[in-house]
Amino acid sequence: MSMSKIVLITGATSGIGKACAEIYAQNKYNLIITGRRSEKLNQLKADLEAKYEIEVLTSKFDVRNRSEVEKALNAIPADWKKVNILINNAGLSQGLDAIQDGSLDDWDIMIDTNIKGLLYVSKIVSNWMISVKKGHIVNLGSIAGKEVYANGNVYCATKHAVDALNKAMRIDLLQHGIKVTGIHPGAVETEFSIVRFHGDQEKANKVYDGYDPLEAIDIAETIYFTTSRPAHVNINDLVIMPTAQGSAFYWNKNL
Ligand code: NDP
Ligand code: 8X3
């Protein structure tokens, strides 16, 4: 493998993670792309290797499964463990119900993916970074990690947890020279709402009706910017919204 820098992106099969893969490939990083859908990982690897002079390693695992995460990450070849950037992006929402009506299965999936999955991956990769005394971890929070909106309850709680973990990682990893950045988008049109509404495309489309939402590339460009600052600069935290969105609950659909 050539001596390019390496970025590990969780949830690279779709949306923000996939857009990150493209932008880091353009910038000559070698990529470790992860997710559960192996055919999408293989397709992305083939596309990016054909388009850019880089190498892509795919690693298929479910971030919720602790032993699967450990097995997959430990199996990565030693040269590839010299990861410069970890993008903790894999995440999802399930349902949009009042607390008294929510599905316990939806809650478990969100907590296990957005909090526990992020922790399982971070524990292993931060140790790789500690061994070389440098690295940068980018955590995907959300406006839902800064504000709470009606029926957002558990999703908002998981993203508030990511916000806390982002701050905690920055403190704990300070002594090792590792940067930590939190990225908190408002509405981005990806598979997010299709997943939230369990495949109901019509309901998902309504979320982005009547205004210009963010696109995955908008967030990927911002993430790339945060990881391409000089060595002495760390961007702690960014909230990024569509111009038509003023907060988690205010919208201007007349723009
Ligand atoms: P997408 O649904 O388009 O992508 C989510 C990605 O996460 C997929 O690649 C999916 O891969 C992966 N993923 C989900 N669950 C698991 C799992 N159990 N194990 C491994 N990978 C998993 O959504 P986005 O791109 O929008 O979301 C990316 C991140 O951005 C999430 O953390 C989300 O909460 C956050 N975010 C999104 C916003 C939005 O409006 N879209 C706004 C604010 C934050 P696969 O299915 O192949 O496993
Ligand atoms: C996704 C955006 O507005 O549903 O994190 O919280 S929102």
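Predicted model: local features only at pLDDT ≥ 70, side-chain atom pairs only at ≥ 80, totals over all residues.
**Notebook: ligand site, pockets and cavities**

Residues are numbered from 1 along each chain as its sequence is written, chains are lettered from A and ligands numbered from 1 in the order in which they are written, and side-chain values use heavy atoms, with hydrogens and water left out.

Terms for the spaces: on a 1 Å grid over the protein atoms alone, a cavity is a set of points where a 1.4 Å probe fits but cannot get out, and a pocket is an open set with protein on both sides within 12 Å along at least five of seven lines. Lining residues have an atom within 4 Å of a point.

**Entry 1: ligand 1**

I listed the residues around ligand 1 (a heavy atom within 4 Å). There are 29, and T13, S14, R36, Y155 and T190 come nearest. By class the shell has 11 nonpolar, 12 polar and six charged residues; here Ala, Val, Leu, Ile, Met, Phe, Trp, Tyr, Cys and Pro count as nonpolar, Asp, Glu, Lys and Arg as charged, and the others, Gly among them, as polar. Helices α1 (15-26) and α5 (153-173) each supply at least two residues of this shell; helices (H or I, at least four residues) and strands (E, at least two) are DSSP runs, numbered from the N terminus.

I then checked polar contacts (N or O atoms within 3.5 Å). The R36 side chain has an N or O atom 2.6 Å from an oxygen atom of ligand 1.

**Entry 2: pockets**

The largest pocket holds about 1,200 Å³ of space; a volume is the space filled by probe spheres set on the points, which are joined across faces, edges and corners. I found 49 lining residues, with G91, L92, Y155, T190 and F192 nearest the centre. Two or more lining residues come from each of α1, β2 (30-35), α4 (104-132), α5 and α6 (192-196). Helix α6 gives the largest share, four residues. The lining divides into 24 nonpolar, 17 polar and eight charged residues.

The second largest pocket has about 300 Å³ of space. Its 14 lining residues include K5, K134, G135, H136 and K179, the closest to its centre. I count three nonpolar, seven polar and four charged residues there.

**Entry 3: cavities**

How many cavities of 30 Å³ or more does the structure hold? I found two.

The largest cavity has about 70 Å³ of space. Of its 15 lining residues, Q94, G95, D97, M110 and N153 lie nearest the centre. Both α4 and α5 supply at least two residues, and α4 gives the most, with three. The classes are four nonpolar, eight polar and three charged.

The second largest cavity has about 30 Å³ of space. T10, V63, N88, N89, A90, T113, G117 and L118 line it, and α4 again contributes the largest share, three residues. This lining has no charged residues, three nonpolar and five polar.

How values were computed: Polar contact = N/O pair within 3.5 Å; in protein donor to acceptor, adjacent residues only side chain to side chain.
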